[in-house]
Protein chains: 2
Amino acid sequence: MIRRGLLLILSSPSGAGKSTLAKMLMAWDPTIRFSVSATTRPPRPGETEGRDYYFRSRDTFEDMVVAGDMLEHAEVFGNFYGSPRTPVEAAMLAGQDTVFDIDWQGGQQIRNSALGRNVVSVFVLPPSIEELDRRLRGRGQDSDEVIAGRMAKSRDEISHWAEYDYVLVNDELTDTFCQLRTILDAERLRRDRQPGLADFVRGLNAEFQAR
Amino acid sequence: MIRRGLLLILSSPSGAGKSTLAKMLMAWDPTIRFSVSATTRPPRPGETEGRDYYFRSRDTFEDMVVAGDMLEHAEVFGNFYGSPRTPVEAAMLAGQDTVFDIDWQGGQQIRNSALGRNVVSVFVLPPSIEELDRRLRGRGQDSDEVIAGRMAKSRDEISHWAEYDYVLVNDELTDTFCQLRTILDAERLRRDRQPGLADFVRGLNAEFQAR
């Protein structure tokens, strides 16, 4: 039966696990698309154009926003981030789900957009701030100052937990992933995501009529 | 974490499998409560007071409605049916889910009641009308006239499919049951069903403050 693709928004403070969860989702179901963000920030070591981000100049980014090519965008630490619209709309119509690894600002904008009714939003909380701090330091890439800034942003991010449909406490990664899968499996079954049902019921009615 | 119990409304035309699915749910998770309806119709062979129905006189039933003791009620084929309110509210507060095996009229009333935000509604469709007819006759209990009346009611029931959150086509019972379990598992994870989350986030904020 034809299904409309949904828009799964994953938000969490940095280090709570949303990127890992997004990768696990796509390994589990390769039909799931990851919404690659555009950004004006420079690439970090190991990051690849088109896989991790679309790296754009500030001018190009602003042109895309003006042209309506961004489903959402926001400024974080002086850099712009945004989700290109066209691939998301194409996937939706093709019955393919898209995962967004974005913050609360992006989440709000997509929820309030024309595509809002296709959104399923999940907020991932760390089990504790101590654990969040440990995970951030574990990356070993960033200075204390950067980590302190990210912790401040984490606190701001967490303050938006109540805007999400689902909230998961990421204590054990495997458990959290199973919960996320369950959410996606169930949301795919929602009536309003299955436009083919109307045809199916028309068929049942024709059968009644023919008796 | 404390959870608010949800109200799972299962509706379907007679013979599409909702009663079997309700029984399977309760065998899977014995904490799930079945909402036993009150009715003014006489017991059928094998039906037990308090397990299948609360059998009540018309006078008693009407008194209960007037006293506000019914969460929903409707007249079907000249008999009244209704869901007693008190046990449902008690279960909800205790974090216990309640399953309702009721028709679209009852579903509408509960959705529009003060408890409406705790409702998850699932409509079960038969794979075909031929199959529905076969399942109804398979019971071997009822006359052709009764079956014809029930088929007319089935058509009316099916016309309300689009009022439900989820719609399942019950082709293979085991598949449909797994889908139903997935829906229940996911709905239990919704933010607004977990009032304990607010305390948890307060704890995280206290941790931030203490740093």
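Student: What makes residues of chain A and chain B count as being in contact?

Tutor: This is a predicted model, and the test is a distance between C-beta atoms placed from the backbone: within 7 Å is a contact. By that test 28 residues of chain A are in contact with 29 residues of chain B.

Student: Which elements of chain A supply at least two residues of the side that touches chain B?

Tutor: They are helix 5 (129–138), helix 6 (144–158), strand 9 (166–169), helix 7 (173–188) and helix 8 (196–210) of chain A. Helix 8 of chain A gives the largest share, six residues.

Student: Why is the relation between chain A and chain B called a two-fold axis?

Tutor: Look at the rotation. The same surface serves both copies, with 100% of the contact residues of chain A recurring in chain B.

Student: How do you know that strand 1 of chain B is mostly covered?

Tutor: A residue is buried if 20 or more other C-beta atoms lie within 10 Å of its own. In strand 1 (residues 7–11) of chain B, five of its five residues are buried, so the strand passes the test along its whole length.

Student: What covers the count on each face of strand 1 of chain B?

Tutor: In a regular strand the side chains alternate between the two faces of the sheet. On one side are B:Leu7, B:Ile9 and B:Ser11, on the other B:Leu8 and B:Leu10, and all are buried.

Student: What makes strand 1 of chain B a partner of strand 7 and of strand 8 of chain B?

Tutor: Two strands pair if there are at least two bridges between them. Strand 1 of chain B has four bridges to strand 7 (residues 98–101) of chain B and five to strand 8 (residues 119–125) of chain B, so both pairs qualify. Both pairings are parallel. Take B:Leu8: opposite it stands B:Val99 in strand 7 of chain B, while B:Val120 is its bridge partner in strand 8 of chain B.

Student: Why are strand 4 and strand 5 of chain B called edge strands?

Tutor: They belong to an open sheet of four strands in chain B, in the order 4-3-6-5 with mixed pairing. Strand 4 (53–55) and strand 5 (70–76) of chain B each pair on one side only. The twist averages 25 degrees from one strand to the next. Three bridges join strand 3 (residues 37–39) of chain B to strand 4 of chain B in parallel, and B:Ser37 has B:Tyr53 as its bridge partner.

Student: Which helix lies across strand 3, strand 5 and strand 6 of chain B?

Tutor: Helix 2 (residues 58–66) of chain B does, running at about 45 degrees to strand 6 (79–84) of chain B.

Student: Which residues have the most contacts inside the largest nonpolar core?

Tutor: That core has 70 residues, and those with the most contacts inside it are A:Leu8, A:Val122, A:Leu125, B:Leu8 and B:Val122. Beyond its sequence neighbours within four places, A:Val122 is in contact with residues including A:Leu8, A:Tyr164 and A:Ile183.

Key. Residues are numbered from 1 along each chain as its sequence is written. Chains are lettered from A and ligands numbered from 1 in the order in which they are written. This is a predicted model: local features need pLDDT of at least 70, side-chain atom pairs count only at pLDDT 80 or more; totals for chains, interfaces and linings use all residues. A nonpolar core is a set of buried Ala, Val, Leu, Ile, Met, Phe, Trp, Tyr and Cys residues joined through C-beta atoms within 7 Å. A residue is buried if 20 or more other C-beta atoms lie within 10 Å of its own, exposed if 12 or fewer, and partly exposed in between; C-beta atoms are placed from the backbone. Axes are lines fitted to C-alpha atoms, for helices over the stretch in contact, and angles run from 0 to 180 degrees between N-to-C directions.
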